[in-house]
Amino acid sequence: MTTTSESSLESQIEDLDAKPSIGEAIVKMARKQPVGVAGLAVVILMIIAAIFAPWLTPYHPEYNDFASMLTAPNLEYLMGTDQFGRDIFTRILYGARTALLVGFVAASVGAVVGMVLGVASAYFGGLFDLILQRVMDVFMAFPLIILAMAVVATLGPGTQNVIIAITIPFIPQCARVVRSNALAIREIPYVDAARALGFGHTRIILRHMAPNVVAPFLILFTAFVGQAILLEASLSYLGMGVQEPTPAWGLMLQGGAEEYAESAPWVAIWPGVAISLAVFGFNLFGDALRDTLDPRLRSR
Amino acid sequence: MSEAMTTRRNTRTGSSEGFEEVLVDVRDLKMHFPVTDGVFFPRVVAHVKAVDGVSFQVFRGETLGVVGESGCGKTTTGRCILQLEKPTAGEIMFGGVDITKLNSKEMIDVRKKIQVIFQDPYSSLNPRMKVGEILAEPMRVHNIIANEADRQTRVRHLLNVCGLASAFADRYPHEMSGGQRQRVGIARALAMDPEFIICDEAVSALDVSIQAQVINLLEDLRDEFDLTYLFISHDLSVVRHICHRVAVMYLGNLVELADGDELFENPMHPYTRLLLNAVPIPDPTIEKTRQHEIIKGEIPSPINPPSGCVFHPRCPSAVDNCKKQIPTLREIKPGHWVACTEV
């Protein structure tokens, strides 16, 4: 899904700027949306950290150097070590992998399923729409974190279950926004034309309606990635998410926050900074994307 | 333009006898849209009688015009024939089969034969698909042409037939002008090799000069591919030019149906007379001195149409009987049908 959403994004930018080169488009966007580009830079930095982690640090994320536990940041351990003698910088880099994996998988699945349900709901209308929307209402009645916790409590902790737990609350959110957009598209004659040409419901929903809700979809998607990273960190912090020894920012915070807040503050500070920066970056990028693609949604 | 005019006149002189095979037979078509109230348990409080008992036939090879004011049900009639709406009652016979009773699978075969050209060329094409894809998709989905290369050849051919360069296949709709887009819309309708095309205000959204080009194109295509048109329009001069026969609708009812020239020269229904009277004459001196007879009042609500003849509250020649008796379509002269008791 990542590739398709990226390619649609490119075409979207081209549509708006009467086909400049991608370089020109980025420059233009940088001038219009400097904050958004800063967000994009954070996102790219995070992706680089996740991909090149093994080359950026000499340590293994699960390697314990018992000789130097709770070392303050120095040249050998750039961000210091935790209570088990593990290098925090290394664990931050590898933690980006966990965060991006959970973030992108949960956001993609949640947003795509939500989009299909939302478009289908608008397309079929009637009783199907009514029942589906009331089911969505039930899901949306719960706060994100409570619903995710309920799912983890049922399925048990672990990376895979955390992804499922985060995906489920995203579906109704996306479905609701996409539905309202799709309701308008439903009335546009090209949908009637597709029906008159004898196309099946699946084809009309996926080929003719879904591509035209790409703008709200992309905006939601980027927001979801940021939210998912935050949710994963929260769940891990509560001990309901990713389990040790997997490097994850929320877990690192849990291990370090209470006990070492005064004696070794770097144990909690760095993962906290990483979480804030990542969420901030995705949100800024998402906001800029929203302003570029769909000015009507600006007030939301 | 003038050349097209003369050929049209020639083909139409023999029109009354020329077209005999009934292609589409609409019988007592009714389309009532429910008006609902209540948020949690919607209930039907009334019906909008968009089309209320319309019957007409379309002969193979002819162009039947449907005219009337906005909201008279002419577009809804077209949508019912296309099966985009499920009619409340009535039959639509196409090639001897009642298409309102077909299931969606059986309907696919009929859909290939009935196509539509929409009014607005800006919203009738999917903005995310290239023109080539728009035209190739129906051929691929319905396996009309299985081979990709042959499909591309036919796409280029269709574009050329509709007066567009083959290179337009690689363009997106937003890169084209309104007239070009409408030609794409026409090409898409032709992609399925249809027999019957519903032109729903097909030229109304275009500039007058482009209108003339598109009308000529529609006429050429009619002759080349043996097409039958249902030409829905509010533009009387366009209808007079292209249509063999013309049906006049008012508030969901058919009030008059006759050969084009007969209807325009000898309108019998009071509504048709007033409608034709409203057409301005392109000569300011005549227009200044001309006595305008304006239709009084507003169109009544189709939710609660007047009793008897629906036109009686606005009719200059209404009598008491009009409030009670519902007029039926009668053949006053050969081929000239009027729904008025006072004619």
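1. **Where the chains meet.** In this predicted model, 14 residues of chain A are in contact with 20 residues of chain B. On the chain A side, α8 (189-196) and α9 (201-209) each supply at least two of the touching residues. Helix α8(A) gives the most, with six residues. By class, this side of chain A has eight nonpolar, three polar and three charged residues.

2. **The four-stranded sheet of chain B.** Chain B holds an open sheet of four strands, in the order β2-β1-β4-β5. The pairing is antiparallel. Which strands stand at the edges? They are β2 (43-59) and β5 (97-98) of chain B. Each has a single partner strand, so one side of each is left without a neighbour in the sheet.

3. **A helix on that sheet.** Helix α3 (residues 74-81) of chain B packs on this sheet. It touches β1, β2 and β4 of chain B. The direction of α3 makes about 110° with that of β1(B).

4. **Strand β1(B) and its two partners.** Toward β2(B), 13 bridges join the strands, which run antiparallel; here L29(B) has V54(B) as its bridge partner. Toward β4 (residues 89-94) of chain B, five bridges join the strands, again antiparallel; here K30(B) has A89(B) as its bridge partner. Strand β1 itself covers residues 22-37 of chain B.

5. **The hairpin turn.** Strands β1(B) and β2(B) form a hairpin with five residues between them. Check G38(B) in this hairpin: its phi is positive, near 100°.

6. **The eight-stranded sheet of chain B.** Another open sheet in chain B has eight strands. Their order is β6-β7-β8-β3-β9-β10-β12-β11. The pairing is mixed. Strands β6 (114-117) and β11 (330-333) of chain B are the edge strands, and each pairs on one side only. From one strand to the next, the twist averages 25°.

7. How do β7 and β8 of chain B run, parallel or antiparallel? They run parallel, and five bridges join them. Strand β7 spans residues 196-200 and β8 spans residues 228-232. For a reference point, take F196(B): its bridge partner in β8(B) is T228(B).

Terms used: Residues numbered from 1 in each chain as written. Chains lettered and ligands numbered in written order. Predicted model: local features only at pLDDT ≥ 70, side-chain atom pairs only at ≥ 80, totals over all residues. Pairing = 2+ DSSP bridges. Contact = placed C-beta atoms within 7 Å. Axes fitted to C-alpha atoms, helices over the stretch in contact; angles between N-to-C directions. Nonpolar A, V, L, I, M, F, W, Y, C, P; charged D, E, K, R; others polar.
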